Amino acid sequence: MIGSTAMDKLIAGCAKGDRECQQKIYELLYGKMMGVCLRYSNNREEAKDLLHDGFLKVFENIGKFNFSGSFEGWVRRIMINTTIDYFRKNKNTYVKDIEEFKNLENEEPVYDVLSHLRTEDILKAVQTLSPAYRAVFNLYVIEGYSHKEVADELGISVGTSKSNLAKAKNNLKKKFKNVGEREYNDH
């Protein structure tokens, strides 16, 4: 990353509509923000659309950035909100019946395989989750939201947030179970 003085100048340039400053910030933050969008999207093309929508919002609102926190954190928050807005618009397409997994607490033990997997493998597995499960999983597990905050952000109940998280974890456990059994048996 660049120094804070240089970043402050880029931010000021963006606030004035300077395209070169916008391009530089886009290039500096592209990788990290694409990672954020990929966690919430179905595929790379959808993630790119979300990323571009997010950057449009960043540049439209950059004059509101008050330098009280990190600029990267501020941009990240906009990216997350962009993905949440997208999810909200499309949630009726993704909502599933929550009754089917009521007894997830009585699951069989699962081996600790996540520590043996590459980040890319975990990301790919998370991307295979339904959008409803993926959104809750990312907000709760990765972003550190509470179930109440997830529910408020996504316009769902706390119970649905908990259920979708349990289903997401269950689906991921199924994906990684065979890998875990191999790892466990190799020891």
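This is a predicted model: local features need pLDDT of at least 70, side-chain atom pairs count only at pLDDT 80 or more; totals for chains, interfaces and linings use all residues.
A residue counts as partly exposed when its relative accessible area falls between the 20% under which residues are buried and the 50% over which they are exposed. By that rule I142, with a relative accessible area of 37%, is partly exposed.

**Surface patch**
- Helix α6, residues 131-142, includes I142.
- Together with Y140 and V141, I142 makes a nonpolar patch on the surface, and the three share about 220 Å² of accessible area.

- In soluble globular proteins, nonpolar side chains tend to be buried together.
- The largest nonpolar core here has 48 residues, and the members touching the most others are I25, F55, F71 and L154.
- At least two core residues come from each of α1 (4-15), α2 (19-40), α3 (44-61), α4 (71-94), α5 (119-127), α6, α7 (147-154) and α8 (158-186).
- Helix α2 gives the largest share of this core, with 10 residues.
- Beyond its neighbours within four places in sequence, F71 is in contact with M7, I11, I25, L29, V58, I62 and F65.

**Helix α3 and T82**
- With 18 residues at 1.5 Å a residue, α3 should span 26 Å, and this agrees with the 25 Å between its end C-alpha atoms.
- Buried in α3 are E46, A47, L50, L51, G54, F55, V58 and F59.
- T82 sits in helix α4, and it counts as buried because its relative accessibility is 3%, under the 20% cut-off.
- Leaving out neighbours within four places in sequence, the contacts of T82 are L50, D53, G54 and K57.

Conventions:
Residues are numbered from 1 along each chain as its sequence is written. Side-chain values use heavy atoms; hydrogens and water are left out. Patches are made of residues with over 30% relative accessible area and no salt bridge: like charges are joined within 9 Å, nonpolar side chains (Val, Leu, Ile, Met, Phe, Trp, Tyr) within 5 Å. Accessible areas come from the Shrake-Rupley method with a 1.4 Å probe; for residues, only the protein chains shown count as cover. A salt bridge is a side-chain nitrogen of Lys or Arg within 4 Å of a carboxyl oxygen of Asp or Glu. Helices (H or I, at least four residues) and strands (E, at least two) are DSSP runs, numbered from the N terminus. Buried means under 20% relative accessible area, exposed over 50%, partly exposed in between (1.4 Å probe, protein chains only). A nonpolar core is a set of buried Ala, Val, Leu, Ile, Met, Phe, Trp, Tyr and Cys residues joined through side-chain atoms within 4.5 Å. Contact means heavy atoms within 4.5 Å. The expected span of a helix is 1.5 Å times one less than its number of residues.
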